[in-house]
Amino acid sequence: SEESAALMAAGAAGRALMSRARGMRAAGETWLPKFPAEDAQAYKARLASSFLFNGFRKTVKDMAGRVFDKPVRVVEGAAVEAYIGNVDLAKSDLSVFARAVFEAALSGPGISYILADAPRREGVVTQAQAEAQNLRPYLVHLRAEDVIGWQYETINNAPVLTQLRIRETLTRKDPRDEFKQAKVDQVRVMDVTDAGVRVRKYQKQSDAHKWGLAEEPFLTGLPRITLTPVALEPSGFMMSEPPLEDLADLNIAHWQSSSDQRNILHHARVPVMFASGHDESESGPLVIKAGQIVSSGDPQ
């Protein structure tokens with residue numbers, strides 16, 4: 001959606017800086033423009049010799065450290081108390097999970113999302129079977145890049161989420177190679193219907209431009225989509241402004257200026273030589289790196 005695209009554009013600079021110097025180099029001309037008349041080989045050399053002072057990433061880590069200086073606690077006897085040691089079924093406790101959500105929002109467009117989910121239950125399942133198979137609620141951290149669209153309605157004077165579209169990547173065993181894993185792009189669509197929340201899963205087909213249902217739609221049994229936005233600077237429903245946008249711009253300006261400085265030093269440290277009376281037809285061209293020799297065929 002346009003709103004999702006706006007969030008990703010707003011958080012692009014911060015995301016690139018969080019990926020360190022290698023991520024900035026991989027982005028190439030996005031954050032380090034090529035000079036006019038600079039050929040591809042020269043730009044590649046300049047990009048490889050550019051280094052990042054990452055004040056942005058340090059600030060994000062320091063701020064998150066202050067917020068989560070002490071572990072997150074829940075009220076004793078709360079219904080979720082039994083789950084806080086492993087809130088996402090991936091061995092993350094509540095403090096680790098919450099810090100990841102906060103850092104993702106702070107370093108990007110200012111928002112992340114928490115989805116309360118649960119495995120599907122087929123038929124009648126006893127309490128003992130549910131515990132043995134880990135069939136219990138868990139939390140899913142969705143970054144702004146994962147939520148690609150939504151719809152909402154105003155009900156009782158408040159916005160209510162009626163549709164959510166989530167981008168996912170599934171990892172499966174590659175049927176052609178036992179030592180490799182294949183990745184499948186999927187979009188999960190959740191709609192609020194009269195019968196409850198309906199889930200549809202679309203996967204990319206062999207034709208990269210076509211998507212199709214991966215399985216039959218099913219109902220979750222819930223009356224609403226259990227998604228909570230974590231917005232640090234809210235700017236609308238499911239929207240936020242990036243809190244550290246100015247710092248990200250300043251850090252990128254330093255990245256570009258530092259690259260210019262190193263590039264200038266590289267050339268300034270090599271003397272510019274001049275040859276008089278040199279005939280290239282007799283001994284061939286003279287080239288000295290960096291740059292090259294300046295010559296004239298006129299001895300005078």
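Predicted model: local features only at pLDDT ≥ 70, side-chain atom pairs only at ≥ 80, totals over all residues.
Residues are numbered from 1 along each chain as its sequence is written, and side-chain values use heavy atoms, with hydrogens and water left out. Local features need pLDDT of at least 70 and side-chain atom pairs count only at pLDDT 80 or more, while totals for chains, interfaces and linings use all residues.

Start with the charge pairs. Counting a salt bridge as a side-chain nitrogen of Lys or Arg within 4 Å of a carboxyl oxygen of Asp or Glu, the total comes to 14. Asp-191 takes part in a bridge to Arg-200 at 2.5 Å, N to O, and in another to Arg-198 at 3.3 Å, N to O. Here "buried" means under 20% relative accessible area, "exposed" over 50%, and "partly exposed" in between (1.4 Å probe, protein chains only). Asp-191 is buried at 8% and Arg-200 is buried at 17%, whereas Arg-198 is partly exposed at 29%.

Another bridge links Asp-62 to Lys-58 (2.8 Å, N to O). Both sit in helix α4 (residues 55-67), four residues apart, or about one turn of the helix; helices are DSSP runs (H or I, at least four residues), numbered from the N terminus. Lys-58 is exposed at 52%, and Asp-62 is partly exposed at 32%.

Now for helix α3 (residues 40-48): its buried residues are Tyr-43, Arg-46 and Leu-47. Looking down the axis of α3, these fall within an arc of 100°, so they line one face of the helix; the arc is taken from the directions from the helix axis to the C-beta atoms. Gln-41 and Lys-44, on the other side of α3, are exposed.

Key. Helix = DSSP H or I, 4+ residues; strand = E, 2+ residues; numbered from the N terminus.
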